[in-house]
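Keep the sequence and the 3D view open, and try each task before reading on.

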Amino acid sequence: RPSHHPDACIAMVAPATAGIEAPAAKRPRTEQSDEDELRARLARLEELETLEASFEARLEAAVAERLQYQADTAQHPLLRESFTPNDPVHGVVHLPGICKHVVDTPVFQRMRSIKQLAMTSRAYPGATHDRFFHSIGTAFLAYDTIKGLQQRQPERQVTNRDVLCVTLAALCHDLGHPAYSHMFETFVRSLGRERRCLAKARGGQLSAQEDADISRYETWNHEQASVMFIKLLFEELAEPLAEAGLTVDSQGDDFACICEMVEPPKHRLNEFMKQGTLKQHWKDVIRGRPVEKAWLYEIVSNWRSGLDVDKFDYFRRDAYYLGIQRQFDHGRYLKGVRVIDTPSGVPTISPPEKDRDRLREMLELRKSLHNSAYQCRTVKKIECHMIDILRQLDRHIVVTGKPDSDGKPRKLCMSEAAVELDPVAYMKITDAVIECTLTLGVDSDDASLRQVALEYRRRILQRKLMRLVADWDLPRPGEEGIDVSAGPMPRPESEEAVIAAVHANYTAKASSSSRHVDVSELRCSFVACSYGMGAEDPITRVLFHNSKNEAMHLFKPSDSEARPLRQKIFFFWNPPTAADESTLQSLTDAFKSWANQQVDIHCKSPIFAPPGEAARVASSPAKPARRTRSLKIQHSCPTDDAIFGAALRRSEE
């Protein structure tokens with residue numbers, strides 16, 4: 001077309017290019033400029049060749065790593081996520097196939113017969129879940145955490161062996177729980193205190209052997225039994241564990257690592273951390289892994305702060321079955337944690353700073369669960385009754401243990417099987433065995449066993465519970481007339497000492513018409529609702545990180561928002577016949593009198609008195625309790641008006 005003619009195109013462009021100067025003529029090329037250009041081209045070519053070689057090397061390394069990973073997976077099929085149980089709390093969980101080998105053993109299946117919350121199910125009927133699925137849920141959270149860190153932080157060189165050790169430790173951490181879980185520990189320790197009191201009553205000095213034997217009862221805990229059962233599993237599953245990759249070499253002792261994760265030497269680790277010498281002494285305390293992987297020991301049982309997957313699982317699981325609509329979003333927390341280096345050179349697991357408020361809520365949730373469920377007054381009453389029943393039942397349940405030196409099977413009662421850590425006898429101590437014995441004991445020819453069974457029916461099944469004399473919240477500094485300088489009020493020496501003191505107060509004020517109350521009818525139970533570390537706030541031990549991965553402490557020990565510890569004393573009356581309200585009121589008055597005396601003694605202690613007043617306070621007799629003080633003591637006895645009204649109605653009838 002005419003408009004496409006070259007001349008026409010030039011004419012159309014001409015107006016747009018009007019005023020534009022023609023480009024300057026090119027400078028003539030010289031030999032020097034050609035040489036410079038050649039050098040530049042050669043330099044760029046060498047740079048491209050270097051980049052290409054570097055890229056090829058990285059590509060070959062990545063391919064080799066992937067092929068090696070696939071080869072390792074092919075060599076160890078037990079590491080594939082082939083175990084997929086359906087958890088009512090977490091949904092379908094994916095775990096390595098080796099976990100199914102562990103689950104399908106008598107030692108692990110035993111936990112089906114051990115309730116997670118023991119006697120709490122008698123107050124919260126829905127809380128009948130067991131240790132079996134709690135252990136699987138804990139293993140899932142541990143596996144998910146370590147796999148996430150392995151992917152997000154390859155520089156930490158997390159191996160498949162590390163993943164396996166953490167997962168198996170979480171799976172097996174509760175293997176050693178006895179019947180009724182933590183309540184059985186209280187039962188065994190009460191036997192130790194009773195034996196020590198009897199020994200003191202006889203007079204004389206305890207031999208070293210007697211003292212050591214009693215101490216075994218007083219300090220017994222289920223973690224010792226867990227480690228015992230784990231070592232048995234190592235023997236029973238030696239072949240599949242070896243196929244999965246567990247071994248002992250220069251990188252670490254996998255078998256020791258699992259045991260140390262379940263029961264870490266917390267006291268020694270904390271002692272060295274406070275001294276600032278943990279890095280130097282790490283190899284003296286821990287054999288499983290070097291100090292560069294110290295953070296692995298914070299996943300299952302966190303010795304540093306107590307924030308671990310064990311708690312994350314039972315917070316969610318217990319609240320679900322208790323019917324408490326409150327939970328902590330552990331999934332978000334575990335996805336956000338990183339491993340960072342501390343100033344002391346010991347790496348730790350660090351949450352992001354934006355999660356600080358959620359951690360505080362989680363710690364309050366723990367305290368709330370203890371206060372409203374695990375250690376509420378009704379549960380403590382039922383536990384006191386059940387401990388009394390176990391003390392009477394101990395000699396009636398005799399289980400066969402491993403053979404002695406002569407080859408004859410040993411016969412052990414429940415408490416002996418626990419303290420001796422007999423693997424054969426201890427396996428048989430479950431909720432099901434005890435409850436079956438009590439159910440069948442009603443028809444027993446043994447009169448003493450029949451009496452125990454009837455007591456179980458009356459107290460536990462028919463809920464004829466003891467009466468509450470007092471529920472005392474021990475005051476904290478600044479509360480109820482206690483000066484801040486007095487410091488936190490310490491817990492009494494022992495439950496037996498409280499019973500003796502209250503009984504003495506009641507007897508001193510009793511008249512000739514008062515009902516006789518034997519000291520054996522009284523029960524006392526100490527309760528501590530805390531964040532998990534007593535009076536210490538565990539969040540002050542957490543090292544947070546910001547968006548630049550810089551470590552920081554966000555909470556100080558004097559944090560005003562923290563309420564790490566609330567202590568209580570429950571005092572009960574368990575009369576052989578029906579309780580009368582006037583005696584119950586007199587016992588409550590005796591307890592209140594004792595409580596006021598304790599507060600006065602605490603406030604006037606030389607430890608907290610000003611320097612110039614210490615000697616005078618120590619030598620001055622304690623004054624009567626101030627009438628203005630109002631301690632937080634609850635009780636189940638009626639008011640004076642109710643007692644008067646009931647007496648008036650009886651007189652009218």
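**Exercise 1. How much space lies in the largest cavity?**

Before the solution, a word on the source. This is a predicted model, where local features need pLDDT of at least 70, side-chain atom pairs count only at pLDDT 80 or more, and totals for chains, interfaces and linings use all residues. Residues are numbered from 1 along each chain as its sequence is written, and side-chain values use heavy atoms, with hydrogens and water left out.

Step 1. A cavity is a set of points on a 1 Å grid over the protein atoms alone where a 1.4 Å probe fits but cannot get out, and its lining residues have an atom within 4 Å of a point. Grid points are joined across faces, edges and corners, and the volume is the space filled by probe spheres set on the points.

Step 2. The largest cavity holds about 160 Å³ of space. Of the 19 residues that line this cavity, E298, N302, L307, Y333 and I349 are the closest to its centre.

Step 3. Helix 14 (309-322), helix 15 (330-336) and strand 6 (348-350) each give at least two residues to this lining. Helices (H or I, at least four residues) and strands (E, at least two) are DSSP runs, numbered from the N terminus.

Step 4. Sorted by class, the lining of the largest cavity has eleven nonpolar, four polar and four charged residues. Here Ala, Val, Leu, Ile, Met, Phe, Trp, Tyr, Cys and Pro count as nonpolar, Asp, Glu, Lys and Arg as charged, and the others, Gly among them, as polar.

**Exercise 2. Which residues line the second largest cavity?**

Step 1. This cavity has a volume of about 70 Å³.

Step 2. Its lining consists of V102, L168, C172, I230, L233, F234, L237, L241 and I258. By class, that is nine nonpolar, no polar and no charged residues.

Step 3. Helix 6 and helix 9 (222-236) each supply at least two of the lining residues. The largest share, three residues, comes from helix 9.

**Exercise 3. Why does the span of helix 6 agree with what its 13 residues should give?**

Step 1. The expected span of a helix is 1.5 Å times one less than its number of residues.

Step 2. For helix 6 (residues 160-172) the rule gives 18 Å, and its end C-alpha atoms are 18 Å apart, so the two agree.

Step 3. Now look at burial, where buried means under 20% relative accessible area, exposed over 50% and partly exposed in between (1.4 Å probe, protein chains only). Twelve of the 13 residues of helix 6 are buried, including R161 and D162.

**Exercise 4. In which sense do strand 10 and strand 13 pair?**

Step 1. Two strands pair if DSSP finds at least two bridges between them.

Step 2. Strand 10 and strand 13 (residues 565-573) are antiparallel, with nine bridges. One of the bridge partners in strand 13 is L565, which faces S530.

Step 3. Strand 10 (residues 522-530) is mostly covered, with eight of its nine residues buried.

**Exercise 5. How many aromatic pairs does the structure hold?**

Step 1. Rings of Phe, Tyr and Trp (its six-membered ring) pair if their centres lie within 6.5 Å; planes under 30 degrees apart count as stacked, over 60 as edge-to-face and the rest as tilted.

Step 2. The structure holds 18 such pairs. F229 and Y426 form a tilted one, 5.8 Å centre to centre with 45° between the planes. F229 lies in helix 9 and Y426 in helix 19 (residues 423-426), 197 residues apart.

Definitions and conventions:
1 Å grid on protein atoms, 1.4 Å probe; cavity = no way out; pocket = protein on both sides within 12 Å on 5 of 7 lines; lining within 4 Å.
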